[in-house]
Amino acid sequence: MELTVSGRGFNVTDWMREYCDEKIGNAARVFNIDPLTIDIVLGLEKNPANPVPARCEVTLRAQGHVIHVEEFEEEIHAAIDVAAAKVTRQLRKYKTRVMDKKILTQEREAQRAVEGAGGELDIEALMDDLSEEDIVRTKEIELTPMTKDEAIIEFDLLGHDFYMFKDADTNKVCVLYQRVDGGYGLITEK
């Protein structure tokens, strides 16, 4: 396990590194996931109007999966404590859902990846329609074939607004999102 602690807006002291290793590192060691890299970014806002100036952002990378937790509190050690609790919960979810399912479906995914290479989405044509001023950030991703259930698990682990993936059954690009009524929505290409 590789653990990195860095700071935004201030220098991270030795006790902060030890505290992060004790709280977040120990939580990760309990689940015995290898290889696992943990990046912790601590920050303090200097704006006196901000009621929760301390920030703890934790990103875990484990066997192709990314788990991201971000917490804001009044003090830095409180933010680390709350983030450690969330990391423990997310790792438990990862271990029970992803790891167990990944072992069973690894061969099937490899076979489908070899078989299907058609049905590509024309990203260049879509990008030409947008002006350069409208695009704030560009990100390239590799779409791995997965089932809808696996995509929901990844979506829950990341905590983003949406999740893009390639459906292993149809080999089409899909976007998964959280609906206001609590369910999930799925957008697929024709």
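How many aromatic pairs does the count come to here?

Author: This is a predicted model, in which local features need pLDDT of at least 70 and side-chain atom pairs count only at pLDDT 80 or more, while totals for chains, interfaces and linings use all residues. Residues are numbered from 1 along each chain as its sequence is written, and side-chain values use heavy atoms, leaving out hydrogens and water.

The count comes to 3 aromatic pairs (rings of Phe, Tyr and Trp, the last by its six-membered ring, pair if their centres lie within 6.5 Å; planes under 30 degrees apart are stacked, over 60 edge-to-face and the rest tilted). One of them joins Phe 155 and Tyr 184, whose ring centres are 5.9 Å apart with planes at 80°, so this pair is edge-to-face. It links distant parts of the chain, since Phe 155 lies in helix 4 and Tyr 184 in strand 8, 29 residues apart (helices, H or I of at least four residues, and strands, E of at least two, are DSSP runs numbered from the N terminus). Phe 155 is buried at 4% relative accessibility, whereas Tyr 184, at 34%, is partly exposed (buried means under 20% relative accessible area, exposed over 50%, partly exposed in between, with a 1.4 Å probe and protein chains only).

Another pair is formed by Tyr 163 and Phe 165, with centres 6.3 Å apart and planes at 20°, so it is stacked. Both of these residues are buried, Tyr 163 with a relative accessible area of 14% and Phe 165 at 1%.
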